[in-house]
Every structure is written in C-alpha cells, then in structure tokens.
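Biologist: I've just opened this one and could use a guide. Could you walk me through how to read it?

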Amino acid sequence: MGVAVGAAVTATMAAAANAVAPDGPDRNQSATAAATAAKTPGDIDHDGYADLGVGAPDGTVSGKSKAGYVGVTYGARAGVDTSRHSTLSQAGTGVPGTPEAGDHFGSAVVRGDVDGDGYTDLIVAANYEAIGTTKRAGSVTVAFGAEGGLSGDAIAFHAPTATANGLFGDRMAVGDYNHDGRDDIAISDGEKVQLVNGAANLRKTATPKMSSVTPPGGGVGVEHLSSGDINGDGYADLVTVAYQDDPADEGTLGVLPGSSGGVKSTPLGEDVPLPFASYRAVVGDINGDGKDDVLTDTGFTDGPDDARLRTFPGTASGLDTTHPVIWKGKHQDGIASRLTDINGDGHDDLVVGDTGAEAPGGYNDAGAITVLKGTKDWLTDAGAQTFSLDTEGVPGSMTGGDWFGDAVAPADYNGDGKPDLAIGVPNRTEGAGAVALLYAGPDGLTAKGSALIGPRDLGAPATDAAFGKELSDPATK
C-alpha cells in the first residue's frame, strides 16, 4: 500500500505510543529546567534534558515482520528514565502510512528542531518503504516534539520522483544551513541530496518543498552526509562523500557551504579524492578554534599511506587539504563514529566503535568503544578510555555477536552540561537489541550510573528487533 504521502496530522499519539507525562519529584524540576535552560540539542519535551530515539528497523509491528519502529525514552537528572517512554511507528495514531513487512521504519533516525519552536523533532527513515508499486523507494517521517513528549503531529514524504531501490532517507543529516534558527534536513536520493528547509508551519505542510544538489564528485551515488560549520561563518555546511562510478573504485569528500539562501551548489574550497567512497566523514571541532574539522575514517592503519585516518582542519576558506593531520598514535581497532566534547575542555573527542572486539573466551563481535581525546594539537591516545559490557560497573556481560558500538549518540541526557553516550548493541539477546548508557564524569566517561536498556524496558516489540541499530543524532552514517 505504501506511505500516505504528505499527510499532516494533529491527532494525539498518547494511546498508541504509550507516552508518559512527567510526574513525581521530577515534575517541578523539569518545569524549572524548561523555563530557564537554553535549548538542549535532542530535547524533545524541552525540559532541559536530551531525550533518546532508538531505531529498531527489524521490529515486528502489527504482525508485520521488519516493519520497524523507534523507541523513545526521556532524559532526567539521574539520566535516561525508561519509566517515561513511547513507541513511534506507522501503526501509531497520527503517523502517516501503514506498517508493512520489510519497510524498516527506523532505518535512520536523526534529530533537529525543524520548526524552530524549541522542541526537538525526530526525523525517521523507512528506507525500504514502497511508494505505490515502486518498491524500496523509501520515505521520511518527521514527528514533532512538544511539552510532555512527542506531540502526535507528524508528516511523511518521499523523493520528488519515487525510484525503485532509491532508499530515500538511507543517508540523512540535519543542520541550520540558512541560519534562520530552524534546522534543515538533507536526505540522500541516490544520485543527489534533497534539501528540506525548516519552517514554522512545516507540521502543517502537506508536501514539503525540496531542492536538490549534486555532491562534489557525485552523480551516481551518495555514501555519507554530515553537517558542521567548516568555515566558522555561523552557517552549517553540508559535508558529503559521493562517487561518480563504483563506490569501490573511488570517492570524493566535499563541502557544500551554507548561506542565507541555504546550501550552495558550489563547493567550499578543494575537494578531497578518496580511494574508496565507503569511508565516512566525521565532523567536529577537535582543536577548539571555532571551525569544524573533518576526519575521514579510512582506517587507522588500513590501506596505502595516503589513505590512513586523517583530519582535514576547517579554515575560513574550507578544508585544509594541503596539511591534513595524519593519525600517529597506537593502532585502534574499529571505525571512527562521532566527535563530541565529552570532558568539556572545548575540544571534541573521537569515539571509535569496534563491533568486532572479542569477549572473554575469544567470542567474536562482542564490541567495545574507545574515546580518544581532542586537544589543541589534535587527537591523542594519551588517556584513552575503552568501555564494553565487560567494563566494571557497566551492567550486563560481554558476549559474542552483540555488536556493542554499532551506533553512538552523544547528548546531555542528565542535564549536567556534558554529552553522555548512548551506545547501540543491536544484536544482543538473539537480535532483540539493547542500548547502553554511559555518562560523562569530571574527566571523561564513567561507568558510574551506567545503564543497559532493551525494547521490553520501553514496552516495545523485542523479537529480532535490532533495537539500537540506529540512535537519534544530528547526522548518521
């Protein structure tokens, strides 16, 4: 049947989504925080604490295998509070579309305030959604935040031209590219990137207007999208990795600058040729100069000398492609996942996810994450921290095949001003999945107060759900 395209809805989701309003000791605390706190990234209910959306793209909904859903749970002073939760799916009242087997709703989950009302919204892809008879065309749903949690307002849309196997929404990023105080959405449409500008009336817009750009070096496919202010001018820029031929042959890292008119089609500075297009670009301000840098995850020691993990500094004229900073520290297994300032020193730190880390006894693919500190002299492995489900104080146990670290979402879930980490463990408990929560301490992450939550903690379907495969973040993939 496919998605009900362009429907704007206002019905309440409370019954279908099990949204729980705040009560008890945190009620007054939340109201005070909402009145006094600056906007907190990821704060769906605007109470001063970031909230977490968990993609479970293989979850069964209304009896439909792999229809998919997103579990939502809310932040509080003590950290993520699973007693307040909701489930977002196409079976929910107010959500356009119908759950269908293999839709994979929750295949990508990003967050941003697209209507500028102070409440974070969730942008969710169903990359295998059929549009009419066009299979695997893909769709994107925007569920709007409100006081008390998700509002029940949602819209859904697909690419201007639905294309079989287009997987619309498989790659997404969010950023305020025109600097109007509302986040905009960049969505991969196979060959191009479709841009949806944030607007005050977006939740009442039947079919959002889209403009398109071709990423630098693209024309055949888009591999990765991220956002950051590379030149420090106050406008978010769109960072892309794309390819003209086979992604296994070559790729291009490029930056399309933001402006008062939105994302420009002319690249900012020089593009970076890559030996393959499958390497992700991780964006953040490592040296603390106010300009975001781009780290290309070509592996810590894999590949030829010119294809190792390196950072391209952000400058007023774009990426410094002449003087990349090459990783010279100890070998690190895994891939670069996120840059975020965990210890609050003004330098973004790198989270490395290693889903192949062994469990005690030699069981493969248990998973671990390592945090490498950012400094004015770039990344260092001095003082590196490694966490897994085998770390003392972290709930659970490290077992083979869990894939701990498959997704990472930094956000301030406990309102202390420092980003904590939500870590996806999507294959735990025979594929049901889980999410680990690690909180920031005075000198970095700590196991104190850490938690491990699964779909049943949110009253959500568990069987083969891949809960934690995606986590709400400003950019994924």
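Modeller: Let's start with a word we'll need soon: a residue is buried when its relative accessible area is under 20%, exposed when that area is over 50%, and partly exposed in between (1.4 Å probe, protein chains only). Strands (E, at least two residues) and helices (H or I, at least four) are DSSP runs numbered from the N terminus. Now look at strand β26, residues 408-411: V408 and P410 on one side are buried, and so are A409 and A411 on the other, which leaves both faces covered.

Biologist: Before I go on, what kind of model is this, and how are things counted?

Modeller: This is a predicted model, where local features need pLDDT of at least 70, side-chain atom pairs count only at pLDDT 80 or more, and totals for chains, interfaces and linings use all residues. Residues are numbered from 1 along each chain as its sequence is written, and side-chain values use heavy atoms, with hydrogens and water left out.

Biologist: What is the mean pLDDT of the protein chain?

Modeller: pLDDT is the predictor's confidence in each residue, from 0 to 100. Here the chain's mean is 89, and 89% of its residues reach 70 or more. Residues 1-37 are a stretch to watch, as pLDDT stays under 50 there. Where pLDDT is low, the predicted coordinates should not be read in detail.

Biologist: How many helices and strands are there in the protein chain?

Modeller: The chain has three helices and 30 strands. Of its 477 residues, 59% are buried.

Biologist: Which strand does β26 pair with, and by how many bridges?

Modeller: Two strands pair if DSSP finds at least two bridges between them. Strands of a sheet pair through backbone hydrogen bonds, either parallel or antiparallel. In this case four bridges join β26 to β27, and the two run antiparallel. A409 stands opposite A422 in β27.

Biologist: Now a sheet, please. In what order do the four strands of the open sheet come?

Modeller: The order is β12-β13-β14-β15, with antiparallel pairing. β12 (221-228) and β15 (272-274) are the edges; each has a single partner strand, so one side of each lacks a neighbour in the sheet. Within this sheet, β13 (residues 237-243) and β14 (residues 251-256) are joined by five bridges. L238 stands opposite L256 in β14.

Biologist: Which residues have the most contacts inside the largest nonpolar core?

Modeller: A nonpolar core is a set of buried Ala, Val, Leu, Ile, Met, Phe, Trp, Tyr and Cys residues joined through side-chain atoms within 4.5 Å. The largest one here has 23 residues, and I342, V351, I369, F404, L421, I423 and L445 have the most contacts inside it. β24 (368-373), β27 (420-425), β28 (434-441) and β29 (444-453) each supply at least two of its residues. β28 gives the largest share, four residues. A second, separate core of 22 residues includes Y69, A422, F467 and L471.

Biologist: What is I342 in contact with, leaving aside neighbours within four places in sequence?

Modeller: Contact means heavy atoms within 4.5 Å. By that test, the partners of I342 include V351, L421 and L445, as well as D349 and K418.

Biologist: Last one: where is N165, and is its phi positive or negative?

Modeller: N165 sits in the loop between β7 (149-157) and β8 (172-175). Its phi is positive, about 60°, although N165 is not a glycine. N165 is exposed, with a relative accessible area of 51%. E430, found in helix α3 (residues 428-431), is another non-glycine with a positive phi, near 55°. E430 is exposed too, at 77% relative accessible area.
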